[in-house]
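The exercises below follow a few residues through a structure, each with a worked solution. Please read each task before its solution.

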Amino acid sequence: MRTIVKNGTVLTNQDEFRADILIEDEKIVAIGSQLASPVDLEIDAEGMYVFPGGVDNHAHFEALNTDG
C-alpha cells in the first residue's frame, strides 16, 4: 500500500520544514516537495505537525517491564 501525507510541517531532530511524505509498505520512501506518485491513500496534513519515524513511546515502555 502506498500512502502520501501532504502539506504537513515535518519535524526532525535538526529541522522544521513543509513537505510531503511518501510511505510504501509501512516504510518512508521519500520526503520532499510536491511528490507525485500513484497512491492508495492521500492524507492532507495542512496545519499539522508530522514526525516521520516517530514511535508512540507510551505503548512501548510496557515492553521494558521484566516483572512478567
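**Exercise 1.** Find the residues that Lys 6 touches, leaving out those up to four places away in sequence.

*Solution.* Taking contact to mean heavy atoms within 4.5 Å, Lys 6 touches Ala 19, Asp 20, Leu 35, Glu 42, Ile 43, Asp 44, Ala 45 and Glu 46. The model is a predicted one, in which local features need pLDDT of at least 70 and side-chain atom pairs count only at pLDDT 80 or more, while totals for chains, interfaces and linings use all residues. Residues are numbered from 1 along each chain as its sequence is written, and side-chain values use heavy atoms, with hydrogens and water left out.

**Exercise 2.** Decide whether Lys 6 is buried or exposed.

*Solution.* Begin with the cut-offs: buried means under 20% relative accessible area, exposed over 50%, and partly exposed in between, with a 1.4 Å probe and protein chains only. The relative accessibility of Lys 6 is 17%, so Lys 6 counts as buried.

**Exercise 3.** Carry out the steps of Exercise 3 for Gln 34, covering exposure and phi.

*Solution.* With a relative accessible area of 72%, Gln 34 is exposed. Although Gln 34 is not a glycine, its phi is positive, at about 50°.
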